[in-house]
Amino acid sequence: MKILAGTLQETIYNVPDQGSDLAGPLEIKSDTRHTMNDVAYISDDIGLHRVYNPSSDQVAVSLHCKCWSQDWNWIWVLMCFISSIYPT
């Protein structure tokens, strides 16, 4: 994910165990604020995540690139390359 404008908040949660009680809240693993030009990565190995705009009056725009796990390295390099050529 590349942040093109504004700020986005990303909360990453631990993946619940198969036999756990899913009625309770998810356990937060990390909570990060991403600003313009930041590039972030998520995979099933890291956890579940939620991305949202924490501002009620500022627009946020992001570019998401979904790929199979074996392609993630190539996509990460591509997004960083695009970030360097087309800074916002």
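Two strands pair if DSSP finds at least two bridges between them. Strands here are DSSP runs of E with at least two residues, helices are runs of H or I with at least four, and both are numbered from the N terminus. Keep those rules in mind for this tour of a predicted model, in which local features need pLDDT of at least 70, side-chain atom pairs count only at pLDDT 80 or more, and totals for chains, interfaces and linings use all residues. Residues are numbered from 1 along each chain as its sequence is written, and side-chain values use heavy atoms, leaving out hydrogens and water.

**The whole chain**

Start with a cartoon view. Of the 88 residues, 20% are buried (under 20% relative accessible area; exposed is over 50%, and partly exposed lies in between, with a 1.4 Å probe and protein chains only).

**The sheet**

Now select residues 7-13, which form strand β2. This strand runs antiparallel to β3, and 7 bridges join the two. Strands of a sheet pair through backbone hydrogen bonds, either parallel or antiparallel.

Widen the view to the open sheet of 3 strands, in the order β3-β2-β4 with antiparallel pairing. Its edge strands are β3 (28-35) and β4, each pairing on one side only. From one strand to the next, the twist averages 15° (axes are lines fitted to C-alpha atoms, for helices over the stretch in contact, and angles run from 0 to 180 degrees between N-to-C directions).

**Two loop stops**

Next, pick Asn 37, in the loop between β3 and β4. Its phi is positive, about 80°, although Asn 37 is not a glycine. Is Asn 37 buried or partly exposed? Asn 37 counts as partly exposed because its relative accessible area is 30%.

Then move to Gln 58, in the loop between β4 and β5 (61-63). Leaving aside neighbours within four places in sequence, Gln 58 is in contact with Gly 6 and Asn 53 (contact means heavy atoms within 4.5 Å). Which distance separates Gln 58 and Gly 6 in space? Their C-alpha atoms are 6.7 Å apart, although the two residues are 52 apart in sequence.

**Last stop**

Finish with Leu 48, in strand β4 (residues 48-52). Leu 48 counts as partly exposed because its relative accessibility is 39%.
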